[in-house]
Amino acid sequence: MLLPVLFALGAALSNALATVLQRKAALTVPKSEGLRVGLILDLLRRPVWLAGIVAVITAGICQAVALATGPITVVQPLFVLELPLALVIAAALLQGRLSRAGWLAVGTVVAGLGVVLFAASPEGNRTQVPMTHWIPAVAVCVAAVAALVVAALRRPEGRGRAACFGLATAISYAMTAALMKTSMHTLDDGGVTAFFTTWQTYGFALFGVCALFFLENAMQSGPLVASQPALTLGDACVSLALGITVYAEYVRTGWWLIPQILGAALIAAGVLALSRLPLARRLASEEKEQPGQGTAADAGTPAP
């Protein structure tokens, strides 16, 4: 279990770096009211965004190895760490620092995740999934993403719109992981030819592209504190559901549900506290700052 955990942590770190870099790039392009295909073309001219794409690719490789060697119910929940890692990276890139409250929130998320994984003790590493499992899973996820996109487009720019796009991104990422897991096992069993002839390979590529597109729109629609919690928590929850229903992975139930709920509550509390940090607000509005501003944010003290 050590190998998938290490690679999952590497993927979470790379994704956190990508989130910060892509957020910085998204703030430099013209805003739009709807889904704008030209947004990607604008971002391609930004070196910061390209660096973020390199981080995304690195994360994808690490995630593929993790999913090929471990259950999705172990690998994907570790991506909850993206938010605290993103803020730690943002503090470094913005020459700021996390306050004591910020580090406490990071510790709360880590502790909550540890409690959940210990209590759930996920098991199973199914390599083949029947179509009777895939069809309802894909149908439900596609319908949910479509509903969230419609809801986002009906909302004005702000937290609600960013959260809808963030959750749509989360579902897309979870489906990407679920399909990628089967593709990696196909590659291992049947080689490159089998990998490129299975529909799951093209399925995870399609969901991955959609996730990237929704992520860019989420970042441009509203603050990071709205889109990132929806993305990280949503990805973990949907992935857990897919692991259990599609891959028939096992998590402990009975009285073990009590510490699992407590751990999830710790994660939620930590994420909420992180989303309220002045550093997170600075990251969300740094393009509006003037020279000499942001002292309180750098120090991690509450904004007036």
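Biologist: Is Cys141 buried or exposed?
Modeller: Cys141 counts as buried because its relative accessibility is 8%, where buried means under 20% relative accessible area, exposed over 50% and partly exposed in between, with a 1.4 Å probe and protein chains only. This is a predicted model, in which local features need pLDDT of at least 70 and side-chain atom pairs count only at pLDDT 80 or more, while totals for chains, interfaces and linings use all residues. Residues are numbered from 1 along each chain as its sequence is written, and side-chain values use heavy atoms, with hydrogens and water left out.

Biologist: And what about Cys164, buried or exposed?
Modeller: Cys164 is buried, with a relative accessible area of 11%.

Biologist: How many disulfides are there in the whole structure?
Modeller: Zero were found in a search of the whole structure, taking a disulfide as a pair of cysteine sulfur atoms within 2.5 Å.

Biologist: Switching topic, what volume does the largest pocket have?
Modeller: The largest pocket has a volume of about 630 Å³. On a 1 Å grid over the protein atoms alone, a pocket is an open set of points where a 1.4 Å probe fits, with protein on both sides within 12 Å along at least five of seven lines, and lining residues have an atom within 4 Å of a point. The volume is the space filled by probe spheres set on the points, which are joined across faces, edges and corners.

Biologist: Which helix gives the most to that lining?
Modeller: That is α3, with eight residues, helices being DSSP runs (H or I, at least four residues) numbered from the N terminus.

Methods: Helices (H or I, at least four residues) and strands (E, at least two) are DSSP runs, numbered from the N terminus.
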